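My entries follow in the order I made them.

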Amino acid sequence: MTTICRLVPERCIACGLCAIYAPDIFDYDEDGIVLFKEEPEASQQFVRATEQKSVLKAAAKCPVRAILLEKEKRR
Ligand code: SF4
């Protein structure tokens with residue numbers, strides 16, 4: 001099972017919480033809206049096993065559910 005993280009920037013209220021919990025994954029544009037640190041243009045990204053915990057926590061803490069996690073089965 002692989003976890004995919006999707007961002008919904010239209011929902012983001014620029015609160016800054018996600019980068020506190022997962023600073024290696026999330027960053028912000030000049031307006032404070034969430035994006036992926038490594039791939040700012042991407043709307044989704046695979047979550048590395050080592051980052052699962054922090055990404056899960058960030059998603060749980062996001063007050064507007066702008067960070068969505070989905071499980072994907074890999075063959
Ligand atoms: S926690 Fe949610 S609302 Fe806050 S900056 Fe991150 S994505 Fe945006």
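**Ligand shell.** I sorted the residues of the shell around the ligand and got 11 nonpolar, one polar and no charged. My classes were Ala, Val, Leu, Ile, Met, Phe, Trp, Tyr, Cys and Pro as nonpolar, Asp, Glu, Lys and Arg as charged, and the others, Gly among them, as polar. The residues surrounding the ligand are C12, I13, C15, G16, L17, C18, Y28, V34, C62, V64, A66 and I67; a residue is listed if one of its heavy atoms lies within 4 Å of the ligand. I found the ligand in the largest cavity. A cavity is a set of points on a 1 Å grid over the protein atoms alone where a 1.4 Å probe fits but cannot get out, and a molecule sits in it if more than half of its atoms lie within 2 Å of its grid points.

**Ground rules.** I noted that the model is predicted, that local features need pLDDT of at least 70 and side-chain atom pairs pLDDT 80 or more, and that totals for chains, interfaces and linings use all residues. Residues are numbered from 1 along each chain as its sequence is written, and side-chain values use heavy atoms, with hydrogens and water left out.

**Helix 2.** I took helices (H or I, at least four residues) and strands (E, at least two) as DSSP runs, numbered from the N terminus. Which residues of helix 2 are buried? They include S54, V55, A58 and A59. Seen down the helix axis, the buried residues fall within an arc of 135°, so they line one face of helix 2; the arc is taken from the directions from the axis to the C-beta atoms. K53 and A60, on the other side of helix 2, are exposed. Buried means under 20% relative accessible area, exposed over 50%, and partly exposed in between (1.4 Å probe, protein chains only). The buried residues of helix 2 pack against strand 1 (2-7), helix 1 (17-21), strand 2 (26-28) and strand 5 (67-72).

**E51.** I placed E51 in the loop between strand 4 (44-46) and helix 2 (52-61). E51 is buried because its relative accessible area is 12%. Leaving aside neighbours within four places in sequence, E51 contacts D24 and I25, where contact means heavy atoms within 4.5 Å.

**Positive phi.** I looked up A14, in the loop between strand 1 and helix 1, and R65, in the loop between helix 2 and strand 5. Phi of A14 is near 55°, and phi of R65 is also near 55°. Most residues other than glycine have a negative phi. A14 is partly exposed at 34% relative accessible area, and R65 is exposed at 56%.

Key
On a 1 Å grid over the protein atoms alone, a cavity is a set of points where a 1.4 Å probe fits but cannot get out, and a pocket is an open set with protein on both sides within 12 Å along at least five of seven lines; lining residues have an atom within 4 Å of a point.
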